[in-house]
Amino acid sequence: MKYYSRHFVKPGDLNPAQRLFGGQLLAWIDEEAAIFAGCQMGTPMVVTKLMSEINFVSSASCGDVVEFGFEVVAIGRTSLTIHCEVRRKQDRELILQVDRIVFVALDAEGRPTPHRKAGMTVEQARLATEREQRLAS
């Protein structure tokens, strides 16, 4: 799994137990996962369709850096399903897992529309992404 972005845990991100508030972490995940999905699908016009069971494994405290890992697990004609893990950067301890987050690409009228990786297998999409990254650097 590749880790794509990071956030500092700040005092305003904490719950009364002085741990990272789960709702704040879920908001970060939704935003970061949407960016990842949009890059994969070739459009920023994506919406979250589904988040499967969320497993909070451990916690983070003020001053910790959390990082977000994503990988594509399924590709539909108008949708993309990703797996997400969040870990603490300092010791790589897993904080949270979401098995499936499904995003749907939308057209200008807000209707589901095919995306750039529609029809590809997960392996084909991975190779296409690696090729795009090589060309961009």
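Biologist: What are the ground rules here?

Modeller: This is a predicted model, where local features need pLDDT of at least 70 and side-chain atom pairs count only at pLDDT 80 or more, while totals for chains, interfaces and linings use all residues. Residues are numbered from 1 along each chain as its sequence is written, and side-chain values use heavy atoms, with hydrogens and water left out.

Biologist: How do I read a pocket?

Modeller: Rolling a probe the size of a water molecule over the atoms shows where empty space is left. The search runs on a 1 Å grid over the protein atoms alone; a pocket is an open set of points where a 1.4 Å probe fits, with protein on both sides within 12 Å along at least five of seven lines. Lining residues have an atom within 4 Å of a point. Grid points are joined across faces, edges and corners, and the volume is the space filled by probe spheres set on the points.

Biologist: What volume does the largest pocket have?

Modeller: About 250 Å³. Its lining has 14 residues, and Tyr4, Phe70, Glu71, Val72 and Arg126 lie nearest the centre. Strand 1 (2-8), helix 1 (22-41), strand 4 (65-75) and helix 2 (122-136) each give two or more residues to that lining. Helix 2 supplies the largest share, six residues. Helices (H or I, at least four residues) and strands (E, at least two) are DSSP runs, numbered from the N terminus.

Biologist: How do the lining residues of the largest pocket divide by type?

Modeller: Seven are nonpolar, three polar and four charged. Nonpolar covers Ala, Val, Leu, Ile, Met, Phe, Trp, Tyr, Cys and Pro; charged covers Asp, Glu, Lys and Arg; the others, Gly among them, are polar.

Biologist: Which elements give two or more residues to the lining of the second largest pocket?

Modeller: Take the pocket itself to begin with. Its volume is about 200 Å³. The lining residues include Tyr4, Ser5, Glu32, Phe70 and Gln133. Strand 1, helix 1 and helix 2 are the elements that give two or more. Here helix 1 has the largest share, with five residues. The lining of the second largest pocket divides into five nonpolar, four polar and two charged residues.

Biologist: Is serine 5 buried or exposed?

Modeller: Buried means under 20% relative accessible area, exposed over 50%, partly exposed in between (1.4 Å probe, protein chains only). Serine 5 has 17% relative accessibility, so it counts as buried. It sits in strand 1. Its side chain makes a polar contact of 2.7 Å with the side chain of glutamate 32. A polar contact is a pair of N or O atoms within 3.5 Å; within protein, one must be able to donate a hydrogen and the other to accept it, and residues adjacent in sequence count only if both atoms are side-chain atoms. Leaving out residues up to four places away in sequence, serine 5 touches Glu32, Val66, Glu67 and Phe68. Contact means heavy atoms within 4.5 Å.

Biologist: Now the strands. How do I read their pairing?

Modeller: Two strands pair if DSSP finds at least two bridges between them. In a regular strand the side chains alternate between the two faces of the sheet. Strand 2 (residues 46-51) pairs with strand 6 in the antiparallel sense over five bridges. Valine 46 stands opposite alanine 105 there. Strand 3 (residues 54-56) and strand 6 are also antiparallel, over three bridges. Isoleucine 54 faces valine 98 in strand 6.

Biologist: How many bridges join strand 5 to strand 6?

Modeller: Eight, and the two strands run antiparallel. Glutamate 85 has glutamine 97 as its bridge partner in strand 6. The hairpin of strand 5 and strand 6 has five residues between the strands.

Biologist: Where is aspartate 107 found, and what does its side chain reach?

Modeller: Aspartate 107 is in the loop between strand 6 and helix 2. Its side chain reaches the backbone nitrogen of glutamate 109 at 2.9 Å. Aspartate 107 is buried, with a relative accessible area of 19%, whereas glutamate 109 counts as exposed at 56%.
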